[in-house]
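User: I've got a model open and would like to go through some of its contacts and packing with you. Can we take it piece by piece?

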Amino acid sequence: KQIGWNPGKFGDLHPYAMLEPVRVAGVMIKLATLHNEEDLARKDIREGEDVIVLRAGDVIPQVLSPAPHVAERSDRPAPSHPPERCPICDTKTVKEEDSVFTRCPNRDCPGRRWQLLKHFVGAMDIDGLGEKQVSLFMELGWVRTAADFYRLDAERIAEQTGFGPVSAGKLVRAIEDSKRQPFGRALYALGIEEVGYVTGRSLAQQFRTIDTLLAAAPEEIERTPGVGPKMARTIHSQLHDAQMGELIDDLRAQGLRMAQEGPPPGEGPLAEKTLVLTGTLPDLTREEATELIVLAGGKVTGSVSRKTSYLVAGATPGSKLAQAERLGVPVIDEQGLRALVS
């Protein structure tokens, strides 16, 4: 029916499809992702046309392509392009020369702030704090930056529709508990371009404290595993942005961990060891197992090679197990991993 646009946490405008309701895999779908403007142009999706819709991984609705008969039409509507003004804050959009995407440049755009806050609570794994709650606290004016979550009051929350004293208290405790998340996860949660969970963990291992990282030149950041020159410059630039500096100081004051625990690289029971994870472990999630290995001085990679020290295999391990056996890489289970790190 229509193509809409929403700003992401860095201002990139992302298109989405508003659909005539259609049942896909047992679920009625009205909205579907179109990923980004490059993908929209490549697939040649246009408003008012029939499209093929699927649920990626049986979860996320997405538009795959126009329906086969659409390409035969000579009277197709004009292609859609990113708007000239942000649909959320009405700021004039920009497209830099070296960028593939159109952006909303307004750092205070409510759409961008909502995405950043949503990203933070997801990265910090705060139970009970989802999109709906983030929107509510923003509308009430209680939360503007991620640090404001740590100033929320259980009594005030309990007065809101959908909350009571028990649920409000539980939410505030979950927020408080997130302060114990490791430094690498806190770095990821800040919302720095190019810094995902893995890169955040690598930066934490490499620099050990936020102050050391802030003092590092781009060339020093580039020495972090998985970080190239362009990425290093972006990370350095964003860490030294005034708003980011204020957020880091505020989160530090709230008690978040801004230093890495465990031995530095090259030390610990798994020093110089490279491990690969596969399958589902009995008690540890993939992230928990990774954290365990990193805190013991080891490194986690995504593929098995002759340089792999151990393959940690759980249920339904897949092709990595066969590859490890073929290369003679030792295979251990969760119990074996715990024995190694202890």
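User: Leaving aside neighbours within four places in sequence, which residues is Lys92 in contact with?

Analyst: This is a predicted model, where local features need pLDDT of at least 70, side-chain atom pairs count only at pLDDT 80 or more, and totals for chains, interfaces and linings use all residues. Residues are numbered from 1 along each chain as its sequence is written, and side-chain values use heavy atoms, with hydrogens and water left out. Lys92 sits in the loop between β5 (60-66) and α2, with helices (H or I, at least four residues) and strands (E, at least two) being DSSP runs numbered from the N terminus. Taking contact as heavy atoms within 4.5 Å, the partners of Lys92 are Glu84, Arg85 and Pro105.

User: Is Lys92 buried or exposed?

Analyst: The cut-offs are under 20% relative accessible area for buried, over 50% for exposed and partly exposed in between, using a 1.4 Å probe and protein chains only. Lys92 comes out at 52% relative accessibility, so the label is exposed.

User: And Ser80, buried or exposed?

Analyst: Ser80 also has its place in the loop between β5 and α2. Not counting residues up to four places away in sequence, Ser80 touches Ile3, Leu40 and Glu47. Its relative accessibility is 18%, so Ser80 counts as buried.

User: Which residue in β5 is the bridge partner of Ile52?

Analyst: Strand β4 (residues 51-56) and β5 run antiparallel and are joined by six bridges; two strands pair if DSSP finds at least two bridges between them. The hairpin of β4 and β5 has three residues between the strands, and Gly57 there takes a positive phi near 60 degrees. As for Ile52, its bridge partner in β5 is Ser65.

User: Which residue in β2 does Asn6 stand opposite?

Analyst: Here the strands are β1 (residues 2-7) and β2 (residues 13-24), antiparallel over six bridges. They make a hairpin with five residues between them, and Gly11 in the turn has a positive phi of about 95 degrees. Across from Asn6 stands His14.

User: How do α2 and α3 lie relative to each other, and what is the hand of their crossing?

Analyst: Helix α2 (residues 110-123) and helix α3 (residues 131-139) pack at about 130 degrees, with axes 10 Å apart; axes are lines fitted to C-alpha atoms, for helices over the stretch in contact, and angles run from 0 to 180 degrees between N-to-C directions. That makes α2 oblique to α3, given that angles under 35 degrees count as roughly parallel, over 145 as roughly antiparallel, 65 to 115 as roughly perpendicular and the rest as oblique. A crossing is left-handed if the near helix is turned anticlockwise from the far one by less than a right angle, and right-handed if clockwise. The crossing of α2 and α3 is right-handed.

User: Which residues in α3 do the α2 residues meet?

Analyst: On the α2 side the contact takes in Pro110, Arg113, Trp114, Leu117, Lys118 and Val121, and on the α3 side Glu131, Val134, Ser135 and Met138.

User: What covers the buried residues of α12?

Analyst: The buried residues in α12 are Ala289, Thr290, Glu291, Ile293 and Val294. Their cover includes α7, β6, β7 and α14 (334-341).
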